[in-house]
Amino acid sequence: MTYFVLAFRRGRSEVIERHDFTVAERDQAWILRDQLALGYARDPDVEVVLLGAESETELRKTHGRYFERVAPTLS
């Protein structure tokens, strides 16, 4: 199991921060998740999450929206 802490900018559909942790580092992952959430608290466009998956491939299957870029809007 790997834990992934992601900071995700919704408006651009992009991961702006990513940190990977092992099972042994799970508590550190939670601490970082809380720290990032506080750091981005004033930006409503940023979502901070802690996700667990067997691999990055599995994470992309279960939480693919965090890895799909939205095409820019043409004006």
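Which side chain does that of Arg 9 join through a polar contact of 2.9 Å? In this predicted model, the partner is the side chain of Asp 43. Arg 9 belongs to strand S1, which covers residues 2–9. With a relative accessibility of 19%, Arg 9 counts as buried, because the cut-off for that class is under 20%. Residues up to four places away in sequence set aside, Arg 9 touches Asp 43 together with Glu 14, Ile 16, Asp 45 and Val 46.

The loop between S1 and strand S2 (14–22) contains Ser 13. The relative accessible area of Ser 13 is 12%, so this residue is classed as buried. The backbone of Ser 13 was also examined. Most residues other than glycine have a negative phi. Ser 13 is not a glycine, yet its phi is positive, at about 50 degrees.

A further buried position was found in the helical part of the model, at Leu 36, which lies in helix H1 (residues 26–39). Leu 36 has a relative accessible area of 11% and is therefore buried. When neighbours within four places in sequence are left out, the contacts of Leu 36 are Val 5, Glu 17, His 19 and Val 48. Between Leu 36 and Met 1, the separation is 35 residues in sequence and 22 Å in space, taken from C-alpha to C-alpha.

Technical notes:
Residues are numbered from 1 along each chain as its sequence is written. This is a predicted model: local features need pLDDT of at least 70, side-chain atom pairs count only at pLDDT 80 or more; totals for chains, interfaces and linings use all residues. Side-chain values use heavy atoms; hydrogens and water are left out. Helices (H or I, at least four residues) and strands (E, at least two) are DSSP runs, numbered from the N terminus. Buried means under 20% relative accessible area, exposed over 50%, partly exposed in between (1.4 Å probe, protein chains only). A polar contact is a pair of N or O atoms within 3.5 Å; within protein, one must be able to donate a hydrogen and the other to accept it, and residues adjacent in sequence count only if both atoms are side-chain atoms. Contact means heavy atoms within 4.5 Å.
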